[in-house]
Every structure is written in structure tokens, then in C-alpha cells.
Amino acid sequence: MSDGTRLVTDLDKIRSNAAKIVAKCRDKGIEVLGVTKGFNAMPEIVSALLEGGIQGLADSRMENIIDLRNQGFTESMTLLRIPQLSDVENVVKYSDVSVNSEIAVIQALAEAARSLHKVHKIILMVDVGDLREGIMSENVMEMMRRIAGLEGIRFIGLGTNMGCFGGILPSPENLGLLARIAEVVEDRLDIPIEVLSGGGTSTLLLVEEDKIPRRINQVRIGEGILLGTDTTNNRKIPWLDHDAFLLEAEVIEVKAKPSVPIGEIGRDAFGNTPQFIDEGIRNRAILALGKQDVVIEGIIPVDETISILGASSDHLIVDITNSSRKIEVGDVVGFQVTYPGLLSASQSRYIKKIFKGRTL
Ligand SMILES: *Cc1c(COP(=O)(O)O)cnc(C)c1O
């Protein structure tokens with residue numbers, strides 16, 4: 001019998017993935033920041049990251065960082081999305097480090113820090129090709145000169161992001177470029193670079209293959225710890241667990257129905273014109289899960305004999321004709337999640353969050 005639609009997290013697997021990644025990176029002198037945005041910074045999971053040996057946390061949303069502070073987490077927190085000008089006071093108050101690319105924001109951070117009698121650390125993001133955030137490499141020296149004398153902030157290093165907008169893979173070349181820029185800054189401006197932050201999960205492959213440039217000493221890992229996958233490199237990381245999360249959805253209707261709707265086809269609930277292939281009468285189940293809970297493309301039935309036919313806001317329709325077990329109303333159908341699936345399911349207040357495994 002079902003306990004309703006819920007997201008079940010195995011904390012032991014999260015802890016173990018974190019520990020394995022921390023160990024592998026430590027061997028190369030690389031610190032791992034645990035990225036919490038993929039699971040809405042749920043504190044139970046954050047604790048599992050820390051128990052796995054993660055020392056610093058990172059999130060793209062100030063709301064999550066503020067929640068974690070209010071829940072009593074005292075670890076260093078890095079804001080991963082370049083700050084909003086409207087939010088610099090919170091950034092200084094609640095996070096220790098932020099990544100930056102705009103002088104106006106850096107100046108505002110410095111001013112906010114001075115008025116709060118704090119010093120805020122910044123990492124300058126350099127765009128080495130993915131074309132999301134960051135200054136282009138030829139503009140780094142000028143930016144460094146502009147921030148050099150600012151009081152209230154402390155420049156701690158350079159970072160880059162890859163595999164997001166442009167799908168660019170980290171490589172010895174593009175991370176090497178970051179390392180060379182760091183050396184130029186140190187040599188010409190005599191400014192020490194403490195941190196060279198070399199990307200997220202997709203950078204792990206270079207760590208494994210021992211191809212990561214020596215000077216890179218930080219990575220920011222979300223997906224790898226949570227799901228054991230590396231979407232950018234299109235791989236399951238073989239030495240990690242891949243099933244720390246299970247999305248369970250309760251069956252609310254089971255019926256045999258035709259595979260093609262009956263009547264004149266207009267638009268579906270989202271304005272698209274649906275198309276159907278006639279496969280005769282099929283056994284279908286409706287699950288209590290919909291587009292307002294989860295990105296449907298981001299969930300995969302655990303039972304490979306079940307397939308997703310479609311979804312509306314509140315209903316997920318699956319074909320169970322070939323199912324290996326008899327599915328009845330009140331049963332549960334389980335799904336693996338990809339990163340977008342996890343991101344969305346974590347946010348849904350309609351999905352109960354359950355934690356299993358040892359709590360330390
Ligand atoms: C989300 C994010 C990460 C984490 O990426 P994963 O692929 O989940 O490891 C790292 N850096 C930045 C800037 C991010 O926004």
C-alpha cells in the first residue's frame with residue numbers, strides 16, 4: 001500500500017558519494033564545495049554532505065543560503081549565481097564568498113560590507129568558452145586593476161563555469177587558460193590567487209584521468225554527489241551510487257482505454273496539439289503527480305516495462321500493458337530522477353520528502 005506521492009532520499013548513498021568525491025579530489029589537492037541548489041537545500045541532505053567530508057557549501061539562491069544559516073549551518077557558503085545588485089546586503093550578511101563578473105556589483109558588495117563592518121570574499125568568474133557568466137579572458141587584467149584597491153571585499157581567486165549554456169566540456173586547455181591567467185595576475189599585479197575554482201561535476205573526469213591542471217584547487221559539485229551522473233560528459237560515474245533518490249507516485253486510476261483519443265483533436269492543457277499512434281486498447285494508470293510537481297522529461301520509470309504516455313498539471317499517465325506486475329489503485333510506481341527531475345521534485349510542496357539511512 002502506498003504512503004502517497006513522495007521523494008525518498010537515501011542519506012547513506014549521498015554521504016558515501018560525497019566521501020568518495022572528497023577523497024578523490026583531496027588526492028589532487030582539490031577542495032570540494034557541496035552544491036545544494038539541486039535539492040532545495042534540504043537540511044537532512046546538507047548534513048549528509050557534511051558527514052561525507054564536504055567542508056564548504058554553495059548555492060545559487062540567497063533564499064537557500066539564508067535558510068541554511070537560520071537552521072544553524074555555520075560552514076563557509078559560496079553564492080554561485082552572480083549577485084543581484086538589489087541583494088548585495090543579504091549576500092554580504094549571509095554568504096562568505098560570492099562569484100562575480102560585474103564591477104558595479106563588486107563595488108556595491110564592497111560598500112555593503114563596509115557598512116556592515118565585514119569583509120566579503122569574491123571569486124572573479126572568467127568565461128573560457130561556455131558563454132554563461134564571466135568576463136572574457138582579455139578583460140581580466142583591467143578588472144583586476146579596478147577591484148585591487150576596493151575596501152570591504154577580498155579577492156580570493158578566479159573561477160569558471162562550463163557545461164551549462166554552451167555545453168562546453170572542461171579540458172586541460174580551457175582550465176589551463178584559467179591557470180595561466182592566474183599566473184599573469186600574480187606576476188604582473190603581485191596579487192596572490194588562493195582559489196582557482198575549476199567547474200562542477202563535469203570537471204571530475206579530468207580529476208579521475210589526472211588531466212586537471214595543477215593549479216586548479218576547487219570544484220563545486222552537485223549532480224555527481226546527488227545522482228552519480230555527469231550529464232555534460234553523458235556518463236554514469238562508475239564509482240558512485242546512482243539511486244540515492246526515488247520518486248514514488250500513487251496510482252489513482254487503472255483502466256483499459258484506446259490509445260487514440262475520441263473526437264476532434266484541439267489543443268491539450270498546455271496549448272500543444274497532441275499526436276497519437278493507434279496501438280489499440282492499452283492498460284493505463286493515472287498517477288498523482290503532474291507537471292506542477294516535476295519536469296516530466298526528468299523522471300524515468302524504475303520498472304522498464306512501464307512507459308510514460310504524457311502528463312497534465314496534476315496527472316501522469318503511464319502505459320502498464322506490458323508491466324511485469326499487476327498494478328492496482330493505491331499502488332506505487334517508482335521513478336529515478338535526472339537533475340531537472342530532482343530540481344523540480346525537491347521544490348514541490350505536494351511531494352512528501354522522506355529520508356532513509358543512518359542519521360548521525
Ligand atoms: C550549479 C552550479 C554548479 C554545480 O554543478 P553540478 O554540475 O551540479 O556539479 C557549479 N558551479 C556553478 C556556478 C553552478 O551554478
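A pocket, on a 1 Å grid over the protein atoms alone, is an open set of points where a 1.4 Å probe fits, with protein on both sides within 12 Å along at least five of seven lines; lining residues have an atom within 4 Å of a point. The model is predicted: local features need pLDDT of at least 70, and side-chain atom pairs count only at pLDDT 80 or more, while totals for chains, interfaces and linings use all residues. Residues are numbered from 1 along each chain as its sequence is written, and side-chain values use heavy atoms, without hydrogens and water.

**Exercise 1.** Describe the lining of the largest pocket.

Step 1. Count the lining: 27 residues.
Step 2. Find the centre. Phe276, Arg284, Leu309, Gly310 and Ile317 lie nearest to it.
Step 3. Sort the lining residues: 14 are nonpolar, 5 polar and 8 charged. Gly counts as polar here; Tyr and Cys count as nonpolar.

**Exercise 2.** State which pocket holds the ligand, and describe that pocket.

Step 1. The ligand sits in the second largest pocket. To sit there, more than half of its atoms must lie within 2 Å of the pocket's grid points.
Step 2. This second largest pocket has 23 lining residues. Lys37 and Glu223 are among those nearest its centre.

**Exercise 3.** Find polar contacts of the ligand (pairs of N or O atoms within 3.5 Å).

Step 1. Start at lysine 37. A side-chain N or O atom lies 2.6 Å from a ligand oxygen.
Step 2. Go to arginine 220. A polar side-chain atom is 2.8 Å from a ligand nitrogen.
Step 3. End at glutamate 223. Here a polar backbone atom lies 2.8 Å from a ligand oxygen.

Note on methods. Polar contact = N/O pair within 3.5 Å; in protein donor to acceptor, adjacent residues only side chain to side chain.
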